[in-house]
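Please read the points below with the sequence and the model open beside you. They go through a few contacts, a pocket and some salt bridges in turn.

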Amino acid sequence: MKFVNSHYDKIAIVLVLLTFGIVGIISFLEPSDSEKKNKPSVAHSFSIDSVGGEDVLVLLKETQLVPGDSIEIHNIGSGEIEKFSVKKVIFSKKSRVTIQMKSQEIYKGRLLNPSSTILTAGWDKSRNPIALDTEKGVKNISFKDIKFIRGEQKLVLDKEIDTIDERDSKISVYQTKSQFLNDSNRTEKSRWTSSATEGNSSIYDLFTPPIIYLVNGELTTTLPEAPTEEAKEEEFGLTVVSFEKNHYRLKLASWIGKTPYFEDFQTKVSANSDKYVKNRLELNIPYKENENYRPGMPSLIKTSPDDEEKLVQVEYFTVQQVKDPKTGGAKMVGRALVRDFKKGGKPFEINSLMEKVDTGDYKINLKFDIAGEVPSSIELDANEIEKVFNFGNRSYKLLRIDKENKNIEIEKRISGTDKITVKTLNF
């Protein structure tokens with residue numbers, strides 16, 4: 001105690017110096033705030049999910065990869081780099097995309113296809129078009145005309161990715177220069193990684209020179225936007241090829257006693273014959289198509305009144321003597337009153353003087369032809385008002401038939417849009 005009391009001042013000074021020394025050493029060893037800020041961090045540019053039972057790499061920024069392009073995943077902790085090839089590219093249903101055409105046209109809008117749009121090897125040979133809802137209306141785009149599609153992509157890769165830790169990895173993508181949008185002015189790396197410091201807002205890494213363009217005699221780091229043509233409204237797609245009378249299928253050919261015989265113009269006796277099958281039709285008995293027809297059999301067979309497939313019934317038949325307009329002499333003429341269950345309406349007369357029976361029906365042949373689609377055709381009957389028929393994602397409905405002026409009114413709808421177009425087509 002005497003020693004402590006006699007040297008108290010010196011001991012106190014030593015303790016103070018020792019304390020300051022320890023604090024100084026700790027402060028020296030601890031990183032400064034500036035160093036903390038400059039400490040690199042991993043930029044999360046992707047995540048891993050599952051689509052349809054397959055693991056997918058979900059890119060968190062818009063890209064325009066296609067099957068066959070490559071990506072590298074860098075593990076920050078271990079320094080390992082693993083390379084992958086893109087097998088499939090998935091665009092979610094109703095996602096927004098930018099499509100650049102081989103003609104350099106650019107379309108922006110929302111996908112209208114009923115399910116996710118999936119690109120696989122040979123995607124540019126697909127025959128199904130992409131329906132895109134743009135500001136100028138719906139555009140149906142053929143894959144063969146597309147250069148690339150840019151948007152939020154989900155990738156199926158050629159190797160397993162379930163062991164990748166997206167929190168400790170960063171990604172680099174590799175694609176041909178021709179696939180970049182015209183207004184792209186950044187390296188691929190700058191799209192995927194943060195700069196060295198959080199406070200640095202530059203898009204360039206250290207030692208990465210900016211890309212300089214000469215536009216109209218002036219230097220600039222950005223390219224002007226490519227001119228885009230206004231989207232043209234799709235043509236209606238239908239034309240009338242023919243508009244002609246549809247004569248009745250049966251002709252009164254002969255009779256035995258009170259039973260008439262009718263030729264059926266829809267059924268020939270055999271494939272190599274020019275003659276038509278004759279059917280014996282008894283009075284007040286319904287007949288339907290003979291689905292098991294073979295040469296030597298009738299094309300119409302008896303059925304019951306409650307059969308939904310019944311076609312025709314003779315309700316009255318008589319034979320009368322009339323003056324022959326050609327010779328002036330007397331001639332026996334058979335007259336039948338026929339009801340057609342498919343046509344509906346009142347019974348009508350068929351007599352043996354008629355070479356062809358005109359019932360007021362018409363058949364209309366339409367041709368479907370739109371650029372990028374396979375041409376097709378369809379035949380309509382005059383009694384098929386309100387009939388709906390489809391070509392691809394286009395739906396047409398027959399609204400009205402004007403037999404006198406030989407024109408029809410058609411309604412057109414495109415799936416995924418609310419637009420309705422009504423047009424009168426003339427023959």
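1. Leaving aside residues up to four places away in sequence, threonine 318 touches Val333, Gly334 and Arg335, where contact means heavy atoms within 4.5 Å. Threonine 318 belongs to strand S21, residues 310-323, and strands here are DSSP runs of E with at least two residues, numbered from the N terminus. With a relative accessibility of 13%, threonine 318 counts as buried, a word that stands for under 20% relative accessible area, whereas exposed means over 50% and partly exposed lies in between (1.4 Å probe, protein chains only).

2. Please keep in mind that this is a predicted model, in which local features need pLDDT of at least 70 and side-chain atom pairs count only at pLDDT 80 or more, while totals for chains, interfaces and linings use all residues. Residues are numbered from 1 along each chain as its sequence is written, and side-chain values use heavy atoms, with hydrogens and water left out.

3. The largest pocket has a volume of about 680 Å³, and of the 26 residues lining this pocket, Asn246, His247, Tyr248, Arg249 and Gln266 are the closest to its centre. A pocket is an open set of points on a 1 Å grid over the protein atoms alone, where a 1.4 Å probe fits, with protein on both sides within 12 Å along at least five of seven lines, and lining residues have an atom within 4 Å of a point. The volume is the space filled by probe spheres set on the points, which are joined across faces, edges and corners.

4. By class, the lining of the largest pocket has 17 charged residues, 5 polar and 4 nonpolar; Asp, Glu, Lys and Arg count as charged, Ala, Val, Leu, Ile, Met, Phe, Trp, Tyr, Cys and Pro as nonpolar, and the others, Gly among them, as polar.

5. The structure holds 22 salt bridges, each a side-chain nitrogen of Lys or Arg within 4 Å of a carboxyl oxygen of Asp or Glu. One of them joins arginine 249 to glutamate 289, with the closest N and O atoms 2.4 Å apart. Because arginine 249 lies in the loop between S15 and strand S16 (250-256) and glutamate 289 in strand S19, the pair ties together parts that are 40 residues apart in sequence. Arginine 249 is buried at 10% relative accessible area, while glutamate 289, at 34%, is partly exposed.

6. Finally, Glu234, Glu373, Arg394 and Lys412 are linked in a network of salt bridges.

Technical notes: Helix = DSSP H or I, 4+ residues; strand = E, 2+ residues; numbered from the N terminus.
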